[in-house]
Amino acid sequence: GVVTIDIVDLTGRRVRRLDAGSMPGGVQHVAWDGTRDGGERARPGIYFALARAAGSESTARVVLIP
């Protein structure tokens with residue numbers, strides 16, 4: 001189905017929205033280039049990737065290093 005991935009900081013604020021488009025079921029890989037929605041570089045630290053598709057949600061921890 002259609003997948004949307006939000007990168008959020010530790011306070012839950014969205015840093016970047018990645019529209020992954022339509023993806024098949026199973027394990028998939030999506031890259032985040034470390035930039036915010038406005039194009040500027042995000043600060044190094046811990047973030048979470050929230051993936052949503054067809055009414056389900058999955059969360060993964062992301063560490064952005066300099």
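In what order do the four strands of the open sheet sit, and is their pairing parallel or antiparallel? Okay, hi everyone, let's work through that. The order is β2-β1-β3-β4, and the pairing is antiparallel. Since β2 (14-22) and β4 (56-64) each have a single partner strand, they stand at the edges, so one side of each has no neighbour in the sheet. On average, neighbouring strands here are turned by 20° against each other, ignoring direction. For that angle, axes are lines fitted to C-alpha atoms, for helices over the stretch in contact, and angles run from 0 to 180 degrees between N-to-C directions.

Quick word on terms. Helices (H or I, at least four residues) and strands (E, at least two) are DSSP runs, numbered from the N terminus. Two strands count as paired if DSSP finds at least two bridges between them.

Now, what are we looking at? This is a predicted model, where local features need pLDDT of at least 70 and side-chain atom pairs count only at pLDDT 80 or more, while totals for chains, interfaces and linings use all residues. Residues are numbered from 1 along each chain as its sequence is written, and side-chain values use heavy atoms, with hydrogens and water left out.

As for size, the C-alpha atoms fill a box of roughly 30 × 20 × 20 Å along the principal axes. Of the 66 residues, 27% count as buried, where buried means under 20% relative accessible area, exposed over 50%, and partly exposed in between (1.4 Å probe, protein chains only).

Let's zoom in on β3 and β4. Strand β3 covers residues 45-53, and nine bridges join it to β4, with the two running antiparallel. Arg52 stands opposite Glu57 in β4.

And what about the loop between β3 and β4? Ala54 is found there. Most residues other than glycine have a negative phi. Ala54, though not a glycine, has a positive phi of about 45°. Ala54 is also exposed, with a relative accessible area of 82%.

That's my tour, thanks!
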